[in-house]
Amino acid sequence: MGVISVRFNKDEEKILKKLSDHFQEDKSTLIKKSLFELYENVLDLNEIKKFEAKEKRGKVSFSSAEDILNG
């Protein structure tokens with residue numbers, strides 16, 4: 001496992017401490033969770049872009065709840 005040194009200014013340290021206290025997680029775990037959430041956001045945005053491109057080409061259709069239940 002790699003080790004990375006991160007420098008925080010005083011305000012960033014305060015924020016990290018408050019988050020650590022609030023979520024009852026160690027600082028390292030909070031940073032890791034934040035990275036995963038940011039990465040998940042990137043993946044979500046890519047899927048949205050793909051959907052929007054497909055929608056512009058008219059390749060998207062929607063079904064109502066009734067259609068699904070009666071299907």
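Guide: Gladly, and let us start with Glu25, which is partly exposed at a relative accessible area of 26%. This is a predicted model, in which local features need pLDDT of at least 70 and side-chain atom pairs count only at pLDDT 80 or more, while totals for chains, interfaces and linings use all residues. Residues are numbered from 1 along each chain as its sequence is written, and side-chain values use heavy atoms, with hydrogens and water left out.

Visitor: Why is Glu25 called partly exposed?

Guide: Buried means under 20% relative accessible area, exposed means over 50%, and partly exposed is in between, with a 1.4 Å probe and protein chains only. Glu25 has 26%, so Glu25 is partly exposed.

Visitor: What makes the contact of Glu25 with Lys33 a salt bridge?

Guide: The term asks for a side-chain nitrogen of Lys or Arg within 4 Å of a carboxyl oxygen of Asp or Glu. In this pair the closest N and O atoms are 2.8 Å apart, so the contact counts. Lys33 is partly exposed too, with 41% relative accessibility.

Visitor: How many salt bridges does a search of the whole structure find?

Guide: The search finds three. Another one joins Asp21 to Lys17, with 3.0 Å between the closest N and O atoms; both residues lie in helix H1, four residues apart, about one turn of the helix. Helices here are DSSP runs (H or I, at least four residues), as strands are (E, at least two), numbered from the N terminus. Glu47 and Lys50 also meet in a salt bridge, at 3.3 Å from N to O, and both sit in helix H2, three residues apart.

Visitor: How do you know whether Lys50 and Glu47 are exposed or partly exposed?

Guide: Lys50 has 53% relative accessibility and therefore counts as exposed, whereas Glu47 is partly exposed because its value is 47%.

Visitor: What about Gln24, buried or exposed?

Guide: Gln24 is exposed, because its relative accessible area is 71%. Gln24 is found in the loop between H1 and H2, and its phi is near 50°, a positive value in a residue other than glycine.

Visitor: And why is Leu35 called exposed?

Guide: Leu35 has 53% relative accessibility, so Leu35 counts as exposed. Its place is in helix H2, residues 27-56.
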